[in-house]
Amino acid sequence: MPVQMFQKKPIKVRSIQLNWANWDDVCTFIGEGTLTDAPGGPHAAMSEEYSDTCGEGPQYIILYLFTMHGDLTPFRHGDWIIPDGKPGTFYPCKPDVFAVTYEPVSSVDH
């Protein structure tokens, strides 16, 4: 079979960028229960490597969230958090990859 050309199907994703400046929005986006003892145990954890200076110094953070494969995965400062299909699961996307893969749309569907 000869080599064929394919184009990725256009899809819309809800996403938020991880940083301290929008921490409250991040918590709302991933679900408040994700950071606490939700049914089945915590779905996220903060790393001891994070800075909690809230803009008064290094603005670095690592948040661990589960993917749909059950892996507890690090989301680092600047990563985009994208829902992963299964409730309470997400996948990280690096800012440079996000910029070439996605473009803004006019509205957010809830």
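These legends walk through several close-up views of one predicted model. Because it is a prediction, local features need pLDDT of at least 70 and side-chain atom pairs count only at pLDDT 80 or more, while totals for chains, interfaces and linings use all residues. Residues are numbered from 1 along each chain as its sequence is written, and side-chain values use heavy atoms, with hydrogens and water left out.

**View 1. An open sheet of 3 strands runs in the order β1-β5-β6, with antiparallel pairing.** Strands here are DSSP runs of E with at least two residues, helices are runs of H or I with at least four, and both are numbered from the N terminus. Two strands pair if DSSP finds at least two bridges between them. β1 and β6 stand at the edges with a single partner strand each, so one side of each is left without a neighbour in the sheet. Between β1 and β5 the antiparallel pairing covers 2 bridges. Follow β1 (16–17) across to β5 (80–83) and you can find both of these partners: Ile16 bridges to Ile81, and Gln17 bridges to Trp80.

**View 2. β5 and β6 meet in a hairpin with 6 residues between the strands.** The two strands pair in the antiparallel sense over 4 bridges.

View 3. β3 (62–66) and β4 (72–76) pair in the antiparallel sense over 5 bridges. Ile62 has Arg76 in β4 as its bridge partner.

**View 4. Gly78 sits in the loop between β4 and β5.** Gly78 counts as buried because its relative accessibility is 10%, where buried means under 20% relative accessible area, exposed means over 50% and partly exposed lies in between (1.4 Å probe, protein chains only). Which residues does Gly78 touch, not counting those up to four places away in sequence? They are Gln17, Leu18 and Pro95, with contact meaning heavy atoms within 4.5 Å. The C-alpha atoms of Gly78 and Lys94 are separated by 7.2 Å, and these residues are 16 apart along the chain.

**View 5. Asn19 lies in the loop between β1 and α1.** With a relative accessible area of 17%, Asn19 is buried. Its side chain reaches the backbone nitrogen of Ala21 at 3.1 Å. The side chain of Asn19 also reaches the backbone nitrogen of Asn22, again at 3.1 Å. A polar contact is a pair of N or O atoms within 3.5 Å; within protein, one must be able to donate a hydrogen and the other to accept it, and residues adjacent in sequence count only if both atoms are side-chain atoms. Leaving aside neighbours within four places in sequence, Asn19 is in contact with Ile61 and His77.

**View 6. There are 3 aromatic pairs to explore.** The rings of Phe29 and Phe90 have centres 6.3 Å apart and planes at 45°, so this pair is tilted. Rings of Phe, Tyr and Trp (its six-membered ring) pair if their centres lie within 6.5 Å; planes under 30 degrees apart count as stacked, over 60 as edge-to-face and the rest as tilted. This pair links distant parts of the chain, with Phe29 in helix α1 (residues 23–30) and Phe90 in strand β6 (residues 90–93), 61 residues apart. Both Phe29 and Phe90 are buried. The pair of Phe98 and Tyr102 is tilted too, because the ring centres are 4.8 Å apart and the planes are at 35°. Phe98 is buried at 14% relative accessible area, and Tyr102 is buried at 16%. Together with Trp80, Phe98 and Tyr102 form one aromatic cluster.

**View 7. The largest nonpolar core has 14 residues.** A nonpolar core is a set of buried Ala, Val, Leu, Ile, Met, Phe, Trp, Tyr and Cys residues joined through side-chain atoms within 4.5 Å. Leu18, Trp23 and Ile81 have the most contacts inside this core. At least two residues of the core come from each of α1 and β3. Which element gives the most to this core? Helix α1 does, with 5 residues.
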